[in-house]
Amino acid sequence: MSINDTQEELIEEFGLFDDWADKYEYLIDLGKKLPGLSDEFKTEENVIKGCQSRVWLHAFMQDGKLIFQADSEAVIVKGLISMLIRVLSGHSPADIMKADLYFIDRIGMSQHLAQTRSNGLLSMVKQMKNYALAYSSQA
(Lines give C-alpha, C1' and ligand atoms only; values in the text may rest on other atoms or scores of the structure.)
Protein backbone atom coordinates (compact mmCIF):
# COMPACT_ATOMS: atom_id res chain seq x y z
CA MET A 1 0.00 0.00 0.00
CA SER A 2 1.15 3.50 -0.74
CA ILE A 3 1.45 6.19 1.92
CA ASN A 4 -1.71 7.86 0.59
CA ASP A 5 -3.63 4.53 0.53
CA THR A 6 -2.82 4.06 4.21
CA GLN A 7 -3.85 7.65 4.99
CA GLU A 8 -7.18 7.08 3.23
CA GLU A 9 -7.68 3.88 5.24
CA LEU A 10 -7.11 5.76 8.53
CA ILE A 11 -9.47 8.56 7.46
CA GLU A 12 -12.12 5.94 6.71
CA GLU A 13 -11.59 4.18 10.06
CA PHE A 14 -11.89 7.41 12.05
CA GLY A 15 -14.93 8.35 9.97
CA LEU A 16 -16.80 5.42 11.52
CA PHE A 17 -16.97 7.33 14.81
CA ASP A 18 -19.33 10.24 15.27
CA ASP A 19 -17.98 11.82 18.42
CA TRP A 20 -14.52 12.58 19.67
CA ALA A 21 -14.77 10.43 22.78
CA ASP A 22 -15.05 7.40 20.49
CA LYS A 23 -12.22 8.64 18.27
CA TYR A 24 -9.95 9.07 21.30
CA GLU A 25 -10.89 5.58 22.45
CA TYR A 26 -9.92 4.23 19.02
CA LEU A 27 -6.65 6.18 19.14
CA ILE A 28 -5.89 4.65 22.55
CA ASP A 29 -6.68 1.18 21.14
CA LEU A 30 -4.23 1.78 18.28
CA GLY A 31 -1.59 2.70 20.84
CA LYS A 32 -2.26 -0.43 22.87
CA LYS A 33 -1.75 -2.55 19.74
CA LEU A 34 1.62 -0.98 18.95
CA PRO A 35 4.34 -3.55 19.74
CA GLY A 36 6.57 -2.43 22.58
CA LEU A 37 10.06 -1.18 21.87
CA SER A 38 13.00 -3.17 23.16
CA ASP A 39 14.70 -1.52 26.15
CA GLU A 40 17.96 -1.37 24.17
CA PHE A 41 16.32 1.32 21.97
CA LYS A 42 14.80 3.30 24.85
CA THR A 43 17.82 5.56 24.98
CA GLU A 44 18.15 9.31 25.36
CA GLU A 45 19.26 9.67 21.71
CA ASN A 46 16.01 8.01 20.57
CA VAL A 47 13.77 10.35 22.60
CA ILE A 48 11.84 12.75 20.36
CA LYS A 49 12.53 16.32 21.45
CA GLY A 50 9.50 18.58 21.67
CA CYS A 51 7.07 16.00 23.04
CA GLN A 52 5.56 16.54 26.45
CA SER A 53 5.50 12.76 27.06
CA ARG A 54 8.54 10.60 26.47
CA VAL A 55 8.48 9.04 23.02
CA TRP A 56 11.25 6.79 21.75
CA LEU A 57 11.66 6.37 18.00
CA HIS A 58 14.01 3.83 16.44
CA ALA A 59 14.60 3.62 12.70
CA PHE A 60 16.53 1.20 10.49
CA MET A 61 16.80 0.28 6.84
CA GLN A 62 15.61 -3.08 5.56
CA ASP A 63 15.59 -3.97 1.85
CA GLY A 64 15.74 -0.30 0.83
CA LYS A 65 12.79 0.63 3.05
CA LEU A 66 12.86 2.64 6.25
CA ILE A 67 11.31 0.83 9.22
CA PHE A 68 10.16 2.67 12.33
CA GLN A 69 9.56 1.32 15.81
CA ALA A 70 8.42 3.43 18.74
CA ASP A 71 7.01 3.49 22.23
CA SER A 72 5.66 6.07 24.65
CA GLU A 73 4.63 6.26 28.28
CA ALA A 74 1.36 8.04 27.35
CA VAL A 75 -1.40 6.01 25.67
CA ILE A 76 -2.72 8.81 23.44
CA VAL A 77 0.80 9.66 22.29
CA LYS A 78 1.42 5.97 21.64
CA GLY A 79 -1.71 6.00 19.47
CA LEU A 80 -0.44 9.02 17.54
CA ILE A 81 2.97 7.50 16.86
CA SER A 82 1.34 4.18 15.91
CA MET A 83 -0.63 5.99 13.17
CA LEU A 84 2.52 7.67 11.88
CA ILE A 85 4.35 4.34 11.85
CA ARG A 86 1.46 2.72 10.00
CA VAL A 87 1.55 5.44 7.34
CA LEU A 88 5.32 5.89 6.93
CA SER A 89 7.10 2.69 7.95
CA GLY A 90 8.10 0.34 5.15
CA HIS A 91 8.52 3.02 2.49
CA SER A 92 11.61 4.45 0.84
CA PRO A 93 13.27 7.45 2.48
CA ALA A 94 12.45 9.52 -0.64
CA ASP A 95 8.73 8.69 -0.38
CA ILE A 96 8.73 9.50 3.34
CA MET A 97 10.48 12.85 2.81
CA LYS A 98 7.98 13.99 0.16
CA ALA A 99 4.89 12.60 1.92
CA ASP A 100 2.10 15.07 2.59
CA LEU A 101 0.53 13.78 5.80
CA TYR A 102 -2.96 15.13 5.21
CA PHE A 103 -4.73 12.45 7.27
CA ILE A 104 -3.94 14.30 10.51
CA ASP A 105 -6.14 17.24 9.48
CA ARG A 106 -8.74 15.12 7.68
CA ILE A 107 -9.54 13.04 10.75
CA GLY A 108 -9.70 16.25 12.81
CA MET A 109 -6.72 15.45 14.98
CA SER A 110 -5.22 18.94 14.61
CA GLN A 111 -8.33 20.61 16.01
CA HIS A 112 -8.91 18.18 18.88
CA LEU A 113 -5.45 17.79 20.35
CA ALA A 114 -4.17 20.05 23.09
CA GLN A 115 -1.53 22.49 21.85
CA THR A 116 1.26 20.55 23.58
CA ARG A 117 0.12 17.29 21.93
CA SER A 118 -0.11 19.00 18.53
CA ASN A 119 3.43 20.27 18.96
CA GLY A 120 4.53 16.78 19.95
CA LEU A 121 2.84 15.30 16.89
CA LEU A 122 4.70 17.76 14.66
CA SER A 123 7.95 16.81 16.42
CA MET A 124 7.27 13.13 15.70
CA VAL A 125 6.64 13.83 12.01
CA LYS A 126 9.75 16.02 11.82
CA GLN A 127 11.92 13.33 13.44
CA MET A 128 10.62 10.63 11.09
CA LYS A 129 11.34 12.84 8.08
CA ASN A 130 14.80 13.62 9.52
CA TYR A 131 15.50 9.88 9.71
CA ALA A 132 14.34 9.57 6.09
CA LEU A 133 16.73 12.34 5.10
CA ALA A 134 19.60 10.73 6.99
CA TYR A 135 18.93 7.29 5.47
CA SER A 136 18.23 8.59 1.94
CA SER A 137 21.89 8.24 1.01
CA GLN A 138 21.77 4.53 1.94
CA ALA A 139 18.66 3.63 -0.06
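## A pair within one helix

Asp95 and Lys98 sit 3 residues apart in helix α4 (residues 93–98), so about one helical turn separates them. Helices here are DSSP runs of H or I with at least four residues, strands are E runs of at least two, and both are numbered from the N terminus. The two side chains form a salt bridge, with the closest N and O atoms 3.5 Å apart. That term needs a side-chain nitrogen of Lys or Arg within 4 Å of a carboxyl oxygen of Asp or Glu.

Asp95 is partly exposed at 31% relative accessible area, while Lys98 is exposed at 65%. Buried means under 20%, exposed over 50%, and partly exposed in between (1.4 Å probe, protein chains only).

## A network around Arg86

Salt bridges also link Glu9, Glu13 and Arg86 in a network. Arg86 meets Glu9 at 2.7 Å, N to O. Arg86 belongs to helix α3 (residues 75–88) and Glu9 to helix α1 (residues 3–15), so this pair ties together parts 77 residues apart in sequence.

Glu13 reaches Arg86 too, at 2.5 Å between the closest N and O atoms. Glu13 counts as buried, with 17% relative accessibility.

## The whole fold

Overall, the protein has 7 helices and 2 strands, in the order α-α-β-β-α-α-α-α-α. Of its 139 residues, 49% count as buried.

## About the model

This is a predicted model: local features need pLDDT of at least 70, side-chain atom pairs count only at pLDDT 80 or more, and totals for chains, interfaces and linings use all residues. Residues are numbered from 1 along each chain as its sequence is written, and side-chain values use heavy atoms, leaving out hydrogens and water.
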